[in-house]
Amino acid sequence: MDAEGPDAALPPDREDVVAALLAQRGRFLAFVERRVGSSAVAEDLLQTAFARTLEKGGALKDGEGAVAWFYRLLRNALVDHHRRQAAEGRALAVEARDADSAPEDLELKGAVCACLGDLLPTLKPSYAELVRQVDLEGRAVPDVAREAGITANNAGVRLHRARLALKRSLERSCGACATHGCLDCSCKPRG
C-alpha cells in the first residue's frame, strides 16, 4: 500500500486511515489466513482489500473507524472468495459426472494415429502429460488438475493449447493424412 509519485500522494485526511490500517496488517493477514487456510490466498485477498480501500475509503476520517470498516471489507471479501470456491467445486462435480457418464468409444480409441505416440514427447512436458492423462487414459480434467495443483480452468486452457500444438505437429508430420482424418494412420513422422 505504498504510494509512489507526486500524483499518488494521499490527502492529509487519509494518511491517518492508511497508517491505522498498515499498523494492523499482521492482524488482518492472520484473520484472513485462518479462514482460507493458505497464506498466498490470504495475501492476495488482503492486497485486494487494501487497493479497494484506497479507491473507496475516501469517506473514512478516523483511524479507529477505518479498522472496523476494513474488517467488514475483509469479511465481505472472504464471503465472495468462498462463493467462488463453492461455484468452482460445483463446476468440477458436473465435469466429473459428465466425464464418468460419457460412453467410451473403443473403436475410435484403437484407431488413433500411430504418429501421436511419437509426436507427444515433442510437446512441452506439462502439455504432453495432460494430453496423455485426459485424452489417452480417459481421466477427468478436474482430477488431473487437482493432482497437478492447478485449477480445472487452468488445466482446461492448458489442454486446449496442448491439443492445438499437437494438431500442428501432426499436420506438419503427416501432411494431408492428418488434415483429412488421421485415423488408422501408418505414416512415419517426418520430424
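This is a predicted model: local features need pLDDT of at least 70, side-chain atom pairs count only at pLDDT 80 or more; totals for chains, interfaces and linings use all residues.
Colleague: Let's start with a helix. Which residues of helix α8 are buried?

Modeller: First, the general idea. An α-helix has 3.6 residues a turn, so residues three or four places apart point the same way. Now the case here. Helix α8 spans residues 141–148, and its buried residues are V141, P142, V144 and A145. They cover an arc of only 165° around the axis, which puts them on the same side of α8.

Colleague: Which residues are exposed on the other side of α8?

Modeller: R146 and E147 are exposed there. Take E147 as an example. Its relative accessibility is 58%, so E147 counts as exposed, the cut-off being over 50%.

Colleague: What happens just after α8?

Modeller: Look at G149. This residue takes a positive phi of about 75°.

Colleague: Next topic: charges. How many salt bridges are there?

Modeller: The general idea is brief. Side chains of opposite charge can pair when their charged atoms come close. In this model the count comes to seven salt bridges. R139 is partly exposed, with a relative accessible area of 25%.

Colleague: Where in the chain do E43 and R25 lie?

Modeller: Begin with the contact. The side chains of E43 and R25 meet in a salt bridge, 2.3 Å from N to O. The pair links distant parts of the chain: E43 is in helix α3 (residues 39–56), R25 is in helix α2 (residues 25–36), and they are 18 residues apart. E43 is partly exposed, with a relative accessible area of 24%. R25 is also partly exposed, at 27%.

Colleague: Which residue forms a salt bridge with D135?

Modeller: The partner is R163, with the closest N and O atoms 2.6 Å apart. This pair, too, links distant parts of the chain. D135 is in helix α7 (residues 125–136), R163 is in helix α9 (residues 152–174), and 28 residues separate them. D135 is partly exposed at 36%, and R163 is partly exposed at 39%.

Colleague: Which residues are linked in a network of salt bridges?

Modeller: Find E129, R132 and E137; salt bridges link them in a network.

Colleague: Now the rings. How many aromatic pairs does the structure hold?

Modeller: Again, the idea comes before the case. A pair of aromatic rings is described by the distance of the centres and the angle of the planes. This structure holds five aromatic pairs. Take F28 and Y71. Their ring centres are 5.0 Å apart and their planes are at 75°, so the pair is edge-to-face. F28 is in helix α2 and Y71 in helix α4 (residues 63–101), 43 residues apart, so the pair links distant parts of the chain.

Colleague: Are F28 and Y71 buried or exposed?

Modeller: F28 is buried, with a relative accessible area of 0%. Y71 counts as buried at 19%, the cut-off being under 20%.

Colleague: What are the distance and angle for F50 and F70?

Modeller: Centre to centre, 5.0 Å; between the planes, 20°. That pair is stacked. F50 lies in helix α3 and F70 in helix α4, so the pair ties together parts that are 20 residues apart in sequence. Both F50 and F70 are buried.

Colleague: Which residues do ring pairs link into a cluster?

Modeller: The cluster holds F28, F31, F50, F70 and Y71.

Colleague: Where does the charged end of K124 sit?

Modeller: Over the ring of Y127, 4.7 Å from its centre.

Conventions:
Residues are numbered from 1 along each chain as its sequence is written. Side-chain values use heavy atoms; hydrogens and water are left out. Buried means under 20% relative accessible area, exposed over 50%, partly exposed in between (1.4 Å probe, protein chains only). Helices (H or I, at least four residues) and strands (E, at least two) are DSSP runs, numbered from the N terminus. The arc is that of the directions from the helix axis to the C-beta atoms. A salt bridge is a side-chain nitrogen of Lys or Arg within 4 Å of a carboxyl oxygen of Asp or Glu. Rings of Phe, Tyr and Trp (its six-membered ring) pair if their centres lie within 6.5 Å; planes under 30 degrees apart count as stacked, over 60 as edge-to-face and the rest as tilted. A charge sits over a ring if NZ of Lys or CZ of Arg is within 6 Å of the ring centre and within 35 degrees of the ring normal.
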